[in-house]
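Try each one yourself before you read the solution.

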Amino acid sequence: FLKTIGSINDETRVKILQFINTNGEICVCDIENSFEMIQSRVSRHLKILKEARFLKVNRRGRWAYYSIRAPLDKFRQGILKEISF
């Protein structure tokens, strides 16, 4: 659970998680554009959220698409509910 808690102690990661939770499967390029961040920084945040078991990745050609992992355990579901707006 420490990795999960650590993954959401960053405001940008919380916003990215909210964005994906609201919009469904989304391309890394769309996150870059929406958050005005360079690809390497976006990828770092996504890697942390994936390692915390919030996200899954689907690679299509040169693009990576991220979505909320399903099923989520109750702990992660509760976190998503708390950060939803």
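**Exercise 1.** How many aromatic pairs does the structure hold, and how is the geometry classified?

*Solution.* This is a predicted model, and the structure holds one aromatic pair. Phe19 and Phe35 form that pair. Step one is the distance: the ring centres lie 5.4 Å apart, and rings pair if their centres lie within 6.5 Å. Step two is the angle: the planes make 85°, and over 60 degrees counts as edge-to-face. The pair is therefore edge-to-face.

**Exercise 2.** Which helices does the pair link?

*Solution.* Phe19 lies in helix H2 (residues 11–23), while Phe35 belongs to helix H3 (residues 28–35). The two are 16 residues apart, and the pair links distant parts of the chain.

**Exercise 3.** Is Phe35 buried or partly exposed?

*Solution.* Start with the relative accessible area of Phe35, which is 22%. Buried means under 20%, and exposed means over 50%. Phe35 is therefore partly exposed.

**Exercise 4.** Which pattern of helices and strands does the chain follow?

*Solution.* Count the elements: five helices and three strands. Then read along the sequence to get α-α-β-α-α-β-β-α.

**Exercise 5.** Does the radius of gyration of the chain agree or disagree with that of a compact globule?

*Solution.* For 85 residues, a compact globule would have a radius of gyration near 12 Å. The chain has 12 Å, so the two agree.

Methods:
Residues are numbered from 1 along each chain as its sequence is written. This is a predicted model: local features need pLDDT of at least 70, side-chain atom pairs count only at pLDDT 80 or more; totals for chains, interfaces and linings use all residues. Side-chain values use heavy atoms; hydrogens and water are left out. Helices (H or I, at least four residues) and strands (E, at least two) are DSSP runs, numbered from the N terminus. The radius of gyration is taken over C-alpha atoms; the globule rule is 2.2 Å times the number of residues to the power 0.38. Rings of Phe, Tyr and Trp (its six-membered ring) pair if their centres lie within 6.5 Å; planes under 30 degrees apart count as stacked, over 60 as edge-to-face and the rest as tilted. Buried means under 20% relative accessible area, exposed over 50%, partly exposed in between (1.4 Å probe, protein chains only).
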